[in-house]
Amino acid sequence: MTGDLRDDVRALFTALAGHEPDGLWSAPGRVNLIGEHTDYNDGFVLPFAIDRRTVVALGTRDDAAIRVASTFAAGEGWTEAELAELEDLRADRSAGTWVRYPLGIAWALGQTGADLAAVPGVDIVIDSNVPTGAGLSSSAAIECAVGVALNDVWRLGLDKPTIARAGQRSENDFVGAPTGILDQSASMLAERDHAVFLDCRSLESETVPLGFEEAGLCILVIDTGQAHEHATGGYRDRREACERGARELGVAALRDLTVDDLDRARDVLDEVTFRRVRHVVTEDARVLETVRRLREEGPRAIGDLLDASHASMRDDFEITTPQLDLAVETARASGALGARMTGGGFGGSAIALIPEDLVSQAQVAIDGAFAEHGWGQPDVFVVRPSDGAGREQ
Ligand code: ADP
Ligand code: MG
């Protein structure tokens, strides 16, 4: 699949720039196995990279311009800016298109030590098979693919966690979406057949073997087709509720609470804020327990934790949709060991941990259930835990 992307992006680069690119780089989308809305609460997450990637062809220029083009906006051709004007563009939120992602990471690398007055200009062409707005983090894939490419050609020598932080900074301060470090860490640090267990406070990470293949299991993604929007609305509201909860309970972040603190939290907080806090505190505990079980018992042991995570997001955090709930219930009824929505919520995708030999049956059942409700067909597909960002050619 990535092979076709490589050919396509190279061909588009050559057509637009009139010469071959200097090289190709790529970065994956991700699925978060468990640990939702815990990242910005300094907590724990457990994502893995999927076998869907964003590929970037890049050529350096002999001036200080940055030009970007994407198959995402085929026909638009280049969008051009000067490296020196990226700071002005950051402040000007009116230019709000997809180009803010690649321009934003160039700006963020400037904030991370790159001297934008000294590095060469670049032409960047982007292609991807990560679905956008599906909760699989096409945004981190584009940030990290462009980030590793610029790190190489600008000879910045930044390590992977630093590029991940630059991606987050770009998304927060240039794109304007208040998201945490989860997505970029997964895209940068992932390893094939492993998940990334990340402490979002210390930013220390370890890889954890998933062992799906040996256990005859796989992860099925159910993309509901309902696009979410992180810069506005519910995501921001949930984030504010978590900050309020931490403040009223006198801790730096919800990470500092355990399940034993919940009785006190119930007395101090209003009912809604309490449920938001309870989701985050119990979700952190579920991530730690998932890591323990993966290491000691294997992937067949984690199904009920995925189920409990979904129930918490549905009832306490209230970020699921009827479509996500139906996807999860139907997957479970078709033999999944566990299922949950993944990503920021309010649409996007669900995942199901399911025996390989039940996949087709589950796909048919999910299609049927959506049709019965008169909802559009979801996109249902298997993902394999894959390698993180890097140079391709
Ligand atoms: P998600 O990360 O879940 O896919 P986001 O809303 O965070 O959803 O990011 C999606 C946005 O990222 C798209 O609307 C687009 O602006 C940008 N984007 C993602 N992939 C590409 C691409 N290949 N080319 C151009 N822009 C992209
Ligand atoms: Mg995103």
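How many aromatic pairs does the rule for ring centres give? The count comes to six aromatic pairs, where rings of Phe, Tyr and Trp (its six-membered ring) pair if their centres lie within 6.5 Å, with planes under 30 degrees apart counted as stacked, over 60 as edge-to-face and the rest as tilted. The model is a predicted one, in which local features need pLDDT of at least 70 and side-chain atom pairs count only at pLDDT 80 or more, while totals for chains, interfaces and linings use all residues. Residues are numbered from 1 along each chain as its sequence is written, chains are lettered from A and ligands numbered from 1 in the order in which they are written, and side-chain values use heavy atoms, with hydrogens and water left out.

One of the aromatic pairs is formed by Phe13 and Trp78, whose ring centres are 6.4 Å apart and whose planes stand at 85°, so the pair is edge-to-face. This pair links distant parts of the chain, 65 residues apart: Phe13 belongs to helix H1 (residues 2-17), and Trp78 to the loop between strand E3 (65-70) and strand E4 (79-82). Helices (H or I, at least four residues) and strands (E, at least two) are DSSP runs, numbered from the N terminus. Phe13 has a relative accessible area of 0% and is buried; buried means under 20% relative accessible area, exposed over 50% and partly exposed in between (1.4 Å probe, protein chains only). Trp107 and Phe174 form a tilted pair, at 5.9 Å centre to centre and 45° between the planes. Here too distant parts of the chain are linked, since Trp107 is in helix H3 (residues 100-111) and Phe174 in helix H5 (residues 160-175), 67 residues apart. Both Trp107 and Phe174 are buried.

In soluble globular proteins, nonpolar side chains tend to be buried together. Neighbours within four places in sequence aside, Trp154 is in contact (heavy atoms within 4.5 Å) with Leu83, Ala106, Ala114, Leu116, Val119, Pro120 and Val122.

Helix H7 (residues 234-249) has 16 residues. Its buried residues are Tyr235, Arg238, Arg239, Ala241, Cys242, Gly245, Ala246 and Leu249. Just after H7, Gly250 takes a positive phi of about 70°.

Most residues other than glycine have a negative phi. His37, although not a glycine, has a positive phi of about 60°, and Asp42 likewise has a positive phi, of about 65°. His37 is placed in the loop between strand E1 (23-34) and strand E2 (44-60), and Asp42 is in the loop between E1 and E2. His37 is buried, with a relative accessible area of 4%, whereas Asp42 counts as partly exposed at 23%. Asn41 lies in the loop between E1 and E2 and is buried at 3% relative accessible area. Neighbours within four places in sequence aside, Asn41 is in contact with Cys242, Ala253, Leu254, Arg255 and Val280.

Note on methods. Expected span 1.5 Å × (residues − 1).
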